[in-house]
Structures are given as C-alpha cells and as structure tokens.
Amino acid sequence: MRRLPSPLRHTSVLVVVLAATLAMAAGCAPTIAPFSERAYEQAVSLKVEALALMGDATEPFEVHRAEVEALRLDLAKAYEFAHGRPKNGLSARQWAVLADPERNLLGGFLARWESAGSLSPVFTAEAQRLVADAFDTIIGLESGKLRPTDVE
C-alpha cells in the first residue's frame, strides 16, 4: 500500500476531521424555530380576545360582525407570521387548523355563528373550552422552544 506524502496526509486527515465536525454540528442543529417573544404574545393576546368574543355568540352575529372580521384578520396575521419563520411549519399548521372555517375550532365556530345568527350558551361554553385548549397547545409549543440564550 502506497502512503501519501506527509503534507497531503495531514490535509486528508484535516478534511476528514472537518467533515465529521460539520456532520455532528448539523445533527445538533435545532429542527424547529427558536422561541419568539412576539409569537408568544400574539398567541396569548388572541386567545383572550377570541374567548371573550365567543362569549358574545349568544347575541346576534350582526351585532359583532366587525369584531369577528377583525379577529379573522388577526388570525390570518398570526398564521402568516408563523408561516414566514424558518423551521416553523408545525406552528403554522396549528394556526391554520385553528382558523379553518371547515374545522371545529375557532374558524368553524365563527362560521357557525355567522350562519346560525346566534348560538346557545351550552354550545358556546363547550366550544370555548376546545378553542382554549387549542390556543394552549400553540402557546405551549412556542414557550417550549429554545431561546437564543439557551443554545449559547
């Protein structure tokens, strides 16, 4: 077996060590976006606003149409913010499910309220519980993310 000249052998060893180091660093890199104070505050604020507005669903929808449209707009903004952050697909999907008018969370509740005109107190209370749990899931995911100071 023929050996490489000494300078080439050292360069080859250096390349192998560098490649192994990069592979290890890539394996340790976070696979999810870091914590965002803005995302956390946005989720908490929208939870409070949404649950308060849902409490009004026993009243005619038309009385609260502007508030519902404002909430839908804020939900869309939250989704777009989550969607635009790198490695944040899970959070974006959670926002999409929460706001989807075809599902049984906030978006579906608002659509049902709009089509029915008003909703019963029992239905509203149960829906508030489900929507609160969904917001808690979004908030929990965000608060569980690593902060930039955690990885230093």
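Colleague: Where is His64 found?
Modeller: Bear in mind that this is a predicted model, in which local features need pLDDT of at least 70, side-chain atom pairs count only at pLDDT 80 or more, and totals for chains, interfaces and linings use all residues. Residues are numbered from 1 along each chain as its sequence is written, and side-chain values use heavy atoms, with hydrogens and water left out. Helices (H or I, at least four residues) and strands (E, at least two) are DSSP runs numbered from the N terminus. In those terms, His64 is in the loop between α2 and α3.

Colleague: Which is His64, buried or exposed?
Modeller: Buried means under 20% relative accessible area, exposed over 50%, and partly exposed in between (1.4 Å probe, protein chains only). His64 has a relative accessible area of 6%, so His64 is buried.

Colleague: Which residues is His64 in contact with, leaving aside its neighbours within four places in sequence?
Modeller: Contact here means heavy atoms within 4.5 Å. With the neighbours within four places set aside, His64 is in contact with Leu53, Asp56, Glu59 and Trp113.

Colleague: Which residues have the most contacts inside the largest nonpolar core?
Modeller: A nonpolar core is a set of buried Ala, Val, Leu, Ile, Met, Phe, Trp, Tyr and Cys residues joined through side-chain atoms within 4.5 Å. The largest one has 29 residues, and those with the most contacts inside it are Trp95, Leu98, Leu106, Trp113 and Phe135.

Colleague: Which element gives the largest share of this core?
Modeller: The elements that give two or more residues to the core are α2 (37–54), α3, α4, α5 (106–116) and α6 (121–143). The largest share is seven residues, and it comes from α6.

Colleague: On which side of α4 are its buried residues?
Modeller: In α4, the buried residues are Ser91, Ala92, Gln94, Trp95 and Leu98. Their arc, taken from the directions from the helix axis to the C-beta atoms, is only 155 degrees, so they are on the same side.

Colleague: And what do the buried residues of α4 pack against?
Modeller: Take Gln94, which lies in helix α4 and counts as buried at 18% relative accessibility. Not counting residues up to four places away in sequence, Gln94 touches Thr137, Ile138 and Leu141. The buried residues of α4 pack against α2, α3, α5 and α6.

Colleague: How far apart are the C-alpha atoms of Leu51 and Arg129?
Modeller: Leu51 belongs to helix α2, and Leu51 touches Gln128, Val131 and Ala132, with residues up to four places away in sequence not counted. Leu51 and Arg129 are 78 residues apart along the chain, and their C-alpha atoms are separated by 8.9 Å.

Colleague: What is the volume of the largest cavity?
Modeller: On a 1 Å grid over the protein atoms alone, a cavity is a set of points where a 1.4 Å probe fits but cannot get out, while a pocket is an open set with protein on both sides within 12 Å along at least five of seven lines; lining residues have an atom within 4 Å of a point. Grid points are joined across faces, edges and corners, and a volume is the space filled by probe spheres set on the points. A search of the whole structure finds one cavity of 30 Å³ or more. The largest cavity has a volume of about 80 Å³.

Colleague: Which elements give two or more residues to the lining of the largest cavity?
Modeller: The lining of the largest cavity includes Ala39, Phe81, Trp95 and Ile138. The elements giving two or more residues to this lining are α2, α3, α4 and α6.

Colleague: How much space lies in the largest pocket?
Modeller: Among the residues lining the largest pocket are Arg103, Phe109, Phe123 and Val131, and the largest share of the lining, five residues, comes from α6. The space in the largest pocket is about 160 Å³.

Colleague: One last thing: what is the phi of Lys87?
Modeller: Lys87 lies in the loop between α3 (65–84) and α4 (89–99), and at 51% relative accessibility Lys87 counts as exposed. Most residues other than glycine have a negative phi. Lys87 is not a glycine, yet its phi is positive, at about 55 degrees.
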